[in-house]
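Morning, everyone. I have one structure to go through today, and I will keep it short.

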Amino acid sequence: MEKRGLSESEAKKRLIQYGPNEIRDISKTTVAKILLRQIRNNFIVYLLLGAMAISFFVGKTITAYTILCVVLMVVGVGFVQEYKADRAIKALKKMILPLSLVIRDGKERDSPSSQLVPGDLLILRSGEKIPADCIILEESSLSVDEAILTGEAKEVHKEAAKNPRKPTEKNFLFMGSFIVSGKCTAQVINTGMNSRFGGIAGMISTAEKELPLQKKINKIASYMAIVAIVVSLLTGLLMIYQAETISSSFLISVLILIIALSVSAFPEGLPVVLITALAFGARRMAKQNAIVNRMSIIQTLGETTVICSDKTGTITRGEMTVRHIVFAGKKIEVSGVGYEVAGRFLLGQKEINPLHDPLLAALLKTAVLCNDSRIERTGEDHIYRGSGTPTEIALLILAAKAGIFKEDLSLSRREEIPFSSERKMMSILSDFEKKTSVFTKGAPEIILERCAFIQEQDKVIPLTDQERRRILRENQLMTSRTLRTLAFATKDLSSKTRKTGKSNSQDELEKDLVFLGLVGMEDPPRDGVKEAIALCQKAGIAVKMITGDNKETALAVAKEINLKGKVMEGKELEQLSDARLRKVINSIVIFARVQPEHKLRIVKALKSLGEIVTMTGDGVNDAPALKEAHIGVAMGKNGTDVSREAADLTLKDDNFITIVSAIKEGRTIFRNIKKFVTYQLSCNLTELLILFFGVLLAPFLGWQISLLLALQILFINLVTDNLPAITLGLNPASVDVMSEKPRKSADLLTGNLIKLLFFTGILIAFFVLTIFYLSFNIFQNDINLARSTALIALITTLLASAYNYRSFRKGVLTRSLFTNMYLFYASLISLAATVAIIYTPLNVIFETTPLSSKDWFLALLPAIAIVLIFDILKKINNKLQFFDFWK
């Protein structure tokens, strides 16, 4: 079949005909699903609806309608927050856009996988996720993992269809499965919901997982609900006990008050605030190029104690440039940087034309022929863009500097032995320049083991041990200068093979090769990595560099980024028992010549020592280590689909600095969650204490029961609990969040935080009861004015308390009110709503009355006092370290 593929115009027509290549969620619409969940799972709604029904029954229609408004607001706020969080999470999933290599109009190009149509020709390689159902047309050593469809985690060998019209099961690739090894050309037959994977979409689209943090939040909320109901019932019983006469209307008022107090003391907003904080944090991470695949890892991310990072492309830039070529005793220096096809080939101080040197030209052609990547012009002079691995792109740019391009070379590939991290080499068998030849590239020590000969300028001679040692010395010299090295070799096959068209076994193809030469590539450390590593060390996070390169290259890069420690090579690691590895692993900082299975052992050894491990990976064989690590980090630019699927976090820029930024954000988010949980529980406790002790003290102080009315309690719950708590979850990162050692406690409420919330609740309750006493008993105000003064005192003090909870170390008076703009705006909304129920006709509904300036001064005293007290206590605690609220 001619490999022209579809034309662009035909592809567009088919896209309209078949629709996008997407798996649609066929469950209930998001809006309906979230709304139903808010109503079904919100215990508060049922209580309020009960109170509303009772109010209607006894003729208190104004109260009933007000409670209905409260119900709508409770459901509405919860719905809006969860809907926004849901949209944010879905947006994150779309930030890593899957691309497929497709042949259209006879040219290879990257296309969004969602735009694939039946008839498209795809080129699929190891590690890639299969984007649609396909028939295999050509393949090389192709194995596929179809566990997502079959449930069996084993490799399945696939074959090209001899007759595409009568394919067998072995000739099909199915959407959602992965290429484990090899490569193929395949034709799309079904996309989206018409694929086999789409056929089971209904079974996978409705599954919902509860976050571990959500379980903890729900547990706290359930305990608080029990306390709220018990205290509310006790308060109601006390009211009945103290009443001189008991009428039906009185009992109904008590019942409504019990419900209102239960509602107010129940932290129904915690789950919504949690989701909002996590989604907002994940969005902030995304802006820094870290895409969260699983929300549950955010907590763990902040507890990271060890980062195991790949060197190439993560610590280093990953945009390689060939600097040196060594062949036949000659050393060529190549100028130019990046993907600009402009540079000179210098032999000493003399510029040479590579095409005039047959051996150098042969080496450059081998670099192009044994290569699966491609480059294309960007439209700017000499500037190209690459698609594929950075190493192969660098080789294509090198050859292009000499005027050698892949499309100009007439080549017919017969067979390919793909590169793998285990083999560390790649070979192709091709018909080229009227010869059948093998072209090979790989790690120098591996290639030298396969070579029996070496190419001199005009002849092939046996490769002696002395010559091998000389080549290895040249290789070591380049690696000691942070250069990454590759060796090239070739072999002409016998005339018998050429005539029969039959290839030898893979071992035979890569045996007795002819050594051509070495190239050295520069891949310098990324800007800022050195500072990021220093920040990790300050934060108590160990950094370990893992690379497939040799020890010399790894040490040279480590020196540049100030990463100090012992080095271990993969061969040494293999000789260690697990017990011995656990003893020495903390002292090892650099792992060189590492295989993917070594990564898995490293992760397991660190985890056995109680470390929280973040591991990076980009290859198909890195998936087990990524799954084993507490936080698996995949590469968004150069990683495989397999690694991204297994990972918890994906880096859009493949940058080590992004990992550190994500850890910083993880710490911030978890701290914010602790802050808003402690704050909201302190609010709930305050309201319980005020109402309970208000009833308890009423007979002794002549107070009317109850101190605050049911609708006032519901109003307080709306303006002080939910809004400020949500905004505390959005608090910005503290400048010193990375200056402390990782916390290995995953508890939301530590012992010191429980002490803090009780101290806050008791103190505010005492202040508000005192204000009511002064207004009613000392200044002889009527009950409505005293209640209104206490109401404002409680609301303003709780809002002031929210500012105290922005930081457990820094005072309110020494920081700007605008540090957390969300909290500032929430406070304004709450205060505006409070003024509205005092000075507008709403005061009839809420039974409030306007305050004089003297009453306002009295009402604001507790808010001022709570700020002053906490600022003083923070200053004392910073000096004497009585409490660490994160322990």
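I will take a sheet and its helices, then a pocket. Keep in mind that this is a predicted model.

Start with the sheet. It is open and made of eight strands, in the order β8-β28-β27-β26-β9-β23-β25-β24, with mixed pairing. At the edges sit β8, residues 290-292, and β24, residues 566-569, and each of these pairs on one side only. From one strand to the next, the twist averages 20°.

Another is α23, residues 596-608, in contact with β9, β23, β25 and β26. For α23, the angle to the direction of β26 is about 170°.

On to the second largest pocket. Its space comes to about 1,300 Å³. The lining has 36 residues, and those nearest the pocket centre are E108, I123, K183, K406 and R413. Elements giving two or more residues to this lining include β1, β2, β3, β4 and β7, along with helix α13, residues 358-369.

Which strand gives the most to the lining? That is β16, with six residues; it spans 411-417. As for composition, the lining of this pocket has 16 charged residues, twelve nonpolar and eight polar.

That is what I have; questions are welcome.

Conventions:
Residues numbered from 1 in each chain as written. Predicted model: local features only at pLDDT ≥ 70, side-chain atom pairs only at ≥ 80, totals over all residues. Heavy atoms only, no water. Pairing = 2+ DSSP bridges. Helix = DSSP H or I, 4+ residues; strand = E, 2+ residues; numbered from the N terminus. Axes fitted to C-alpha atoms, helices over the stretch in contact; angles between N-to-C directions. Contact = heavy atoms within 4.5 Å. 1 Å grid on protein atoms, 1.4 Å probe; cavity = no way out; pocket = protein on both sides within 12 Å on 5 of 7 lines; lining within 4 Å. Points joined across faces, edges and corners; volume = space filled by probe spheres on them. Nonpolar A, V, L, I, M, F, W, Y, C, P; charged D, E, K, R; others polar.
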